[in-house]
Amino acid sequence: MTDPDAVRARHADGPFLRACRGLPHNTVPVWFMRQAGRALAEYRAIRDDHTFEEVVQTPELAAEVTLQPVRRYGVDASILFSDIVTPVQALGIGVTIKPGVGPVIEQPFRTAEDLDRLRPLEAESDLSFVMQTVDLLVQELPVPLIGFAGAPFTLASYLVEGGPSKSYARTKAMMFSDELTWHRLMDKLAGITLASLRAQVAHGASAVQLFDSWAGALNPVDYQRYVLPHSERILDGLSDLEVPRIHFGVATGELLTLMAQAGADVVGVDWRVPLDEGRRRIPDGVGFQGNLEPAVCLGPWEVVEERVRDVLDRADGAVDHIFNLGHGVLPATDPAILEQVVDLVHREGTVRTSEGDTSRAPVGGDAS
Ligand code: CP3
């Protein structure tokens, strides 16, 4: 295993980690959620011969798929190829990832007894294939590796609904009618997520992203009561590791302030919120990531170009802005468009570094 601190030191001066820490750098960093897989022919070629789970569980394949978008797009960060349900799958919960649908749970969680099926995660052994993937990646990656995990609410929504949902009715029914069981479930999932993230960092991940993809289904009052304490436990539980913590969810415009308060160093802004408005909702000292609408990338280059410029204008050269989509790459996206997006952001994104230009205090690390 490569020394994880040496790996992080190697990447520390790159634009992605400097932006996460609010430190001056030359180019606006860019990466894309769901950059691995989906749109890439080289990923589909691997998937022709292997199931999704086989790719995730075979370190050489998972590392290769993680690297594909780095080679193709020239992004400033990579994200581990895995899934938010991988840890619970490793604990023996029957989960199948159905192409075009998402995770489907064999026996959904509906009662207090179902919680007995979740034991604590021993990340080194239960997720040994993930740790081996991280070990391989940090040796060869030219850019930092972002580790990730699903936040408790989003994981609970899959376990309770049994699959993707529009209304989250069963999840909310448990939340409102059996608060004790709800918090016990969230507590168990928070423990699993924290163990998974800490292990990824121990193996050399330079940053982590906590995906609370479906938290936008909640209003701020319910988010604060039923979700925030658990996500806070995870983010606080990572603070001693001194890696930037990114916190993202879809349609979370009304939750951005709370998601920062939960303990994030960077908050991901969904594409529905104008980025300047999103930034105003995120407290000083916390960076922001986003937020080109993924579907825009299905349009002609002239339209994409205009929208990329709009995102850059709204970010206003902030030292703590990381360019991304406002959710994941859509499978129908032409990879050539994403390549052009990266080029444009690198060419035209300027970071204002002189004093007074940006008011934010650096997050963690050395402010020199
Ligand atoms: O971002 C990356 O490129 C890294 C790998 C990654 C995957 N899933 C691979 C994957 C990451 C970070 C995830 C996280 C994930 N998984 C989230 C949070 C991010 C988000 O989009 O909000 C969620 C909600 C899931 C659950 C999940 N897994 C969904 C909704 C799907 C899509 C189903 C589909 O085919 O549209 C999956 C499957 C999945 N995870 C695929 C990939 C590449 C497609 C699987 C395939 O090859 O068929």
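Leaving out residues up to four places away in sequence, Leu-241 touches Arg-198 and Val-201, where contact means heavy atoms within 4.5 Å. The model is a predicted one, with local features needing pLDDT of at least 70, side-chain atom pairs counting only at pLDDT 80 or more, and totals for chains, interfaces and linings using all residues. Numbering runs from 1 along each chain as its sequence is written, and side-chain values use heavy atoms, with hydrogens and water left out.

Leu-241 sits in the loop between helix H12 (220–236) and strand S6 (245–248); helices (H or I, at least four residues) and strands (E, at least two) are DSSP runs, numbered from the N terminus. At 22% relative accessibility, Leu-241 counts as partly exposed, on a scale where buried is under 20% relative accessible area, exposed is over 50%, and partly exposed is in between (1.4 Å probe, protein chains only). Ser-206 is 35 residues from Leu-241 in sequence, with the two C-alpha atoms 9.9 Å apart.

On to helix H5 (residues 59–73). Eleven of its 15 residues are buried, so H5 is largely enclosed by the rest of the structure. Among the buried ones are Pro-59, Leu-61, Val-65 and Tyr-73. Their cover includes helix H3 (41–49), helix H8 (128–140) and helix H16 (335–348). Just past the end of H5, Gly-74 adopts a positive phi of about 70°.

Then there is the largest nonpolar core, with 128 residues; such a core is a set of buried Ala, Val, Leu, Ile, Met, Phe, Trp, Tyr and Cys residues joined through side-chain atoms within 4.5 Å. Helix H11 (residues 179–202) supplies the largest share of this core, ten residues.
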